[in-house]
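User: I am new to this structure. Please walk me through it in short questions and answers.

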Amino acid sequence: IELLVPAMPLEGEPPSPLVGEGYARIGLLGNPSDGYFGKTLSLSLKQFKATVTLRPNGAADDPSIHIVPHPKHDQITHGTLSDLQGVV
């Protein structure tokens with residue numbers, strides 16, 4: 001996982017968002033819990049990644065966390081089974 005840390009904001013400015021990226025991994029051989037005693041052969045793919053952005057909510061007295069799904073890639077409702085199939 002790669003964390004991209006922004007520069008510290010100047011006094012009076014809101015903090016910048018934190019961005020983290022996790023790359024896809026392909027396990028070719030082994031499994032940490034199998035008979036290979038944790039030895040594995042795997043590859044990371046930089047073309048495929050998940051990105052998470054953390055933004056402050058703007059209220060110093062509100063510690064709540066809001067998870068906002070991506071409007072295209074993280075849909076939670078679909079009109080038909082064909083619509084769902086088009087996403088997958």
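User: Which strand gives the most to the nonpolar patch?
Analyst: This is a predicted model, so local features need pLDDT of at least 70, side-chain atom pairs count only at pLDDT 80 or more, and totals for chains, interfaces and linings use all residues. Residues are numbered from 1 along each chain as its sequence is written, and side-chain values use heavy atoms, with hydrogens and water left out. A strand is a DSSP run of E with at least two residues, and a helix is a run of H or I with at least four, each numbered from the N terminus. With three residues, the top contributor to the nonpolar patch is β2.

User: How much accessible area does the nonpolar patch on the surface have together?
Analyst: A patch takes residues with over 30% relative accessible area and no salt bridge; nonpolar side chains (Val, Leu, Ile, Met, Phe, Trp, Tyr) are joined within 5 Å, like charges within 9 Å. Areas come from the Shrake-Rupley method with a 1.4 Å probe, and for residues only the protein chains shown count as cover. The members are I26, L28, L29, L41 and L43, and their accessible area together is about 440 Å². Two or more residues each come from β2 (18–29) and β3 (41–54).

User: Is L28 buried or exposed?
Analyst: L28 sits in strand β2. Buried means under 20% relative accessible area, exposed over 50%, and partly exposed in between (1.4 Å probe, protein chains only). L28 has 52% relative accessibility, so it counts as exposed.

User: Which residue forms a salt bridge with E21?
Analyst: Side chains of opposite charge can pair when their charged atoms come close. A salt bridge here is a side-chain nitrogen of Lys or Arg within 4 Å of a carboxyl oxygen of Asp or Glu. The structure holds one salt bridge. In it, the closest N and O atoms are 3.0 Å apart, and the partner of E21 is K49.

User: Where in the chain do E21 and K49 lie?
Analyst: E21 counts as buried because its relative accessibility is 11%. K49 has a relative accessible area of 45%, so it is partly exposed. The pair links distant parts of the chain, 28 residues apart: E21 is in strand β2 and K49 is in strand β3.

User: How far apart in space are S44 and R25, C-alpha to C-alpha?
Analyst: S44 belongs to strand β3. Its relative accessible area is 56%, so S44 is exposed. S44 and R25 are 19 residues apart in sequence, and their C-alpha distance is 4.4 Å.

User: What separates the C-alpha atoms of V19 and V52?
Analyst: V19 is in strand β2. V19 is partly exposed because its relative accessible area is 21%. V19 and V52 are 33 residues apart along the chain, with C-alpha atoms separated by 5.7 Å.

User: How many residues line the largest pocket?
Analyst: On a 1 Å grid over the protein atoms alone, a pocket is an open set of points with protein on both sides within 12 Å along at least five of seven lines, and lining residues have an atom within 4 Å of a point. About 650 Å³ of space lies in the largest pocket. V52, T53, H66, I67 and V68 lie nearest its centre, and the lining residues number 17.

Technical notes. 1 Å grid on protein atoms, 1.4 Å probe; cavity = no way out; pocket = protein on both sides within 12 Å on 5 of 7 lines; lining within 4 Å. Points joined across faces, edges and corners; volume = space filled by probe spheres on them.
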